[in-house]
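Please examine the sequence and the structure shown below. The paragraphs that follow lead from the whole chain to one helix and then to a group of aromatic rings.

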Amino acid sequence: MTPELGWQTETSEALSQLSPQLLVEQVDYYKCLLDDLLALAMSLTNTKDLRAFLELALSSTRKMTASDAGSIYLIDRSTSVHTVCFEVSQNDSQPDRSLVNFAVPLNQDSIVGYVALTGETLNLSDAHALPDNAEYRHHKTFDRDIEYRTRSVLAVPMFDSQKRTIGVFQLINRKVQDVSITLENVHEITLSYSKFDEKLLRAIASQVSLYIERSQLLGQFF
């Protein structure tokens with residue numbers, strides 16, 4: 001796996017056991033990761049449009065984690081039935097498909113709804129093979145409707161300064177090759193998200209949350 005596709009070791013001990021060539025590749029990966037993180041941090045002050053920032057945050061994070069797809073959702077509590085709404089959505093395998101303005105109920109029935117309601121992180125190796133006792137489910141009809149296959153999923157909650165959940169940052173299908181995902185190759189080219197990916201996404205989600213809250217306070221919300 002190349003550095004650009006998010007190859008990473010989980011521990012410093014594992015890093016010390018790499019061959020010289022693999023060690024160089026690993027260092028290159030972390031250098032690229034640092035550059036991407038610095039660029040995203042700079043955009044916090046340089047980007048004035050909220051949607052443009054969310055698009056940038058999502059595309060940058062997908063690059064860092066080699067994710068084929070992802071979405072940022074915000075909770076809408078303005079009506080009696082609270083929902084979790086797509087605000088930005090990206091999919092390299094289906095770049096022309098837009099899911100903006102689509103929403104799911106704020107309940108534990110879906111993966112995103114569960115994360116938004118409980119404030120817990122979900123890291124799933126295969127959304128189509130959940131444990132029997134799982135309190136949430138992946139709606140397979142959604143994949144069927146858009147002709148896609150969701151396998152690995154990483155979803156983290158986003159909190160405001162009052163520790164209230166305001167949304168969810170979700171990544172889908174961490175890849176080992178930079179190719180479009182199909183029903184035939186999804187098992188071959190996708191990986192589970194690592195603990196490092198979890199830490200990275202939680203850190204980025206916290207910065208995104210601060211930007212959203214600031215935009216709300218300044219009246220710049222969509």
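A residue is called buried when its relative accessible area is under 20%, exposed when the value is over 50%, and partly exposed in between, with a 1.4 Å probe and protein chains only. The model is predicted, so local features need pLDDT of at least 70 and side-chain atom pairs count only at pLDDT 80 or more, while totals for chains, interfaces and linings use all residues. Residues are numbered from 1 along each chain as its sequence is written, and side-chain values use heavy atoms, with hydrogens and water left out.

The protein chain contains seven helices and seven strands. These elements are DSSP runs numbered from the N terminus: helices are H or I runs of at least four residues, and strands are E runs of at least two. From the N terminus on, their order is α-α-α-β-β-β-α-β-α-β-β-α-β-α. Of the 222 residues of the chain, 48% count as buried. A contact means heavy atoms within 4.5 Å. Among contacts between residues at least 6 apart in sequence, 59% join residues at least 24 apart.

Helix H4 spans residues 111–118 and is mostly covered, with six of its eight residues buried. These buried residues are Ile111, Val112, Gly113, Tyr114, Val115 and Ala116. They pack against several strands, including S1 (67–76), S2 (83–91) and S6 (165–175). Just after the helix, Gly119 takes a positive phi of about 75°.

The aromatic rings come next. Rings of Phe, Tyr and Trp (its six-membered ring) pair if their centres lie within 6.5 Å; planes under 30 degrees apart count as stacked, over 60 as edge-to-face, and the rest as tilted. Four aromatic pairs are found in a search of the whole structure. In one of them, the ring centres of Tyr73 and Phe86 are 4.5 Å apart and the planes stand at 45°, so this pair is tilted. Because Tyr73 lies in strand S1 and Phe86 in strand S2, the pair ties together parts that are 13 residues apart in sequence.

Phe86 also forms a tilted pair with Phe102, at 5.6 Å centre to centre and 55° between the planes. Phe102 lies in the loop between S2 and S3, 16 residues from Phe86. Is Phe86 buried or exposed? At 5% relative accessibility, Phe86 counts as buried, whereas Phe102, at 37%, counts as partly exposed.
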